[in-house]
Amino acid sequence: MKRIYTFIAMAMLAMTAMATDYTDSLSVSLDGGKPTKMQDVVITLDKNADETYNLTLKDFSFGGMSVGTIKLTNLAGTTSDGVTTIDTKQKTTITGGTLGPLLGEIEITLKAKFTSGKLYAVISIPVKVIGDVVCVYGAESTVTRISTLPILPGQKADAVYDLNGRRVSTIVPGQVYVIRHADGTSVKTVAK
C-alpha cells in the first residue's frame with residue numbers, strides 16, 4: 001500500500017515539475033483600440049507526456065472586468081533553434097470570473113513563442129457584443145533575441161546565419177553570426 005502512495009506522490013511531483021510560470025507584462029486591446037498594459041502577469045505553460053502543451057492565464061481581468069481563467073490544452077508545438085512555436089485555434093470555455101461564463105464556448109486563437117526563460121504570446125478572444133479582445137504577452141524580441149544584433153540605421157536584417165551557414169532564429173551571446181541585410185550587404189558580428 002505504501003508503494004502505491006509513493007508512486008502516486010512521485011507521479012504528481014513529476015507532473016508539477018514540468019510546469020513553467022512566466023511573469024511578464026500583458027497588453028490588452030479591445031476591438032483594435034488603445035492597449036492597456038498590465039505588469040507582472042503570470043502565464044503557466046505545462047508540457048504533457050505526449051510532447052503537447054497546456055497554457056493557463058489565471059484570473060484574467062481588464063478594465064475592471066473579471067474575465068476568468070483561460071486554459072488551452074494539448075497544444076502542438078514545433079521547436080527550432082531552441083524556440084518552441086505554437087500557432088493554433090481552440091474552442092474552450094473561460095472559467096471563473098464574471099464575464100467568462102457568460103461567453104460560453106468560444107474559439108481562442110493563440111500564437112506563441114517560448115524558450116526556457118521567456119514567453120511571447122498573442123491571445124485573441126472573440127466577444128460578440130464588444131469585439132475582439134487581443135492580449136499580447138511579453139515581447140517577441142526577448143524570445144528570439146534577434147533584435148539584440150547591431151543593425152545600422154536605415155538597414156533591415158533579412159536573415160541571420162551561424163558560421164556553419166545555417167539560418168537561425170535564436171542567437172547565443174558570445175557566438176559569431178552573419179547578418180544579411182535586405183539591401184544585399186552582410187556583416188559578421190558577435191552577439192552580446
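A residue counts as exposed when its relative accessible area is over 50%. Asn 74, at 51% relative accessibility, therefore counts as exposed. The structure is a predicted model, and the protein chain has an average pLDDT of 81. Three helices and 12 strands are assigned in the protein chain, and buried residues account for 36% of its 192 residues.

**Confidence and overall composition**

- A pLDDT of at least 70 is reached by 81% of the residues.
- The protein chain exposes about 11500 Å², of which carbon and sulfur atoms supply 56%.
- Among contacts between residues at least 6 apart in sequence, 40% join residues at least 24 apart.

**Nonpolar cores**

- In soluble globular proteins, nonpolar side chains tend to be buried together.
- The largest nonpolar core has 32 residues, and the members that touch the most others are Leu 26, Phe 60, Leu 110 and Ile 125.
- Two or more residues of this core come from each of strand 1, strand 2 (36–47), strand 3 (53–62), strand 4 (65–75), strand 7 (105–114), strand 8 (119–127) and strand 9 (131–137).
- Another core, of five residues, lies apart from the largest one and includes Val 160, Val 168, Tyr 177 and Ala 191.
- Beyond its neighbours within four places in sequence, Leu 110 is in contact with Leu 55, Leu 72, Leu 75, Ile 86, Asp 87, Thr 88, Ala 121, Val 122 and Ile 123.

**Nonpolar surface patch**

- Leu 30, Met 65, Val 129 and Ile 130 form a nonpolar patch on the surface, and together they have about 340 Å² of accessible area.
- Leu 30 belongs to strand 1 (residues 19–30), and its relative accessibility of 35% makes it partly exposed.

**Salt bridges**

- The structure contains three salt bridges.
- Lys 47 pairs with Glu 51 in a salt bridge whose closest N and O atoms are 3.0 Å apart.
- Both partners are partly exposed, since Lys 47 has a relative accessibility of 33% and Glu 51 has one of 48%.
- Lys 111 and Asp 87 form a salt bridge through their side chains, at 3.2 Å from N to O.
- This pair links distant parts of the chain, with Lys 111 in strand 7 and Asp 87 in strand 6 (residues 83–93), 24 residues apart.
- Lys 111 is partly exposed at a relative accessible area of 43%, whereas Asp 87 is exposed at 54%.
- Asp 162 forms a salt bridge with Arg 166, the closest N and O atoms being separated by 2.8 Å.
- Asp 162 counts as buried because its relative accessibility is 12%, and the cut-off for a buried residue is under 20%.

**Backbone and loop positions**

- Glu 51, in the loop between strand 2 and strand 3, has a phi near 70°, a positive value in a residue other than glycine.
- Asn 74, located in strand 4, likewise is not a glycine and has a positive phi of about 50°.
- Val 172 lies in the loop between strand 10 (157–162) and strand 11 (176–181), and is partly exposed with a relative accessible area of 42%.
- The C-alpha atoms of Val 172 and Val 190 are 9.3 Å apart, while the two residues are separated by 18 residues along the chain.

Definitions and conventions: Residues are numbered from 1 along each chain as its sequence is written. This is a predicted model: local features need pLDDT of at least 70, side-chain atom pairs count only at pLDDT 80 or more; totals for chains, interfaces and linings use all residues. Side-chain values use heavy atoms; hydrogens and water are left out. pLDDT is the predictor's confidence in each residue, from 0 to 100. Patches are made of residues with over 30% relative accessible area and no salt bridge: like charges are joined within 9 Å, nonpolar side chains (Val, Leu, Ile, Met, Phe, Trp, Tyr) within 5 Å. Accessible areas come from the Shrake-Rupley method with a 1.4 Å probe; for residues, only the protein chains shown count as cover. A salt bridge is a side-chain nitrogen of Lys or Arg within 4 Å of a carboxyl oxygen of Asp or Glu. Helices (H or I, at least four residues) and strands (E, at least two) are DSSP runs, numbered from the N terminus. Buried means under 20% relative accessible area, exposed over 50%, partly exposed in between (1.4 Å probe, protein chains only). A nonpolar core is a set of buried Ala, Val, Leu, Ile, Met, Phe, Trp, Tyr and Cys residues joined through side-chain atoms within 4.5 Å. Contact means heavy atoms within 4.5 Å.
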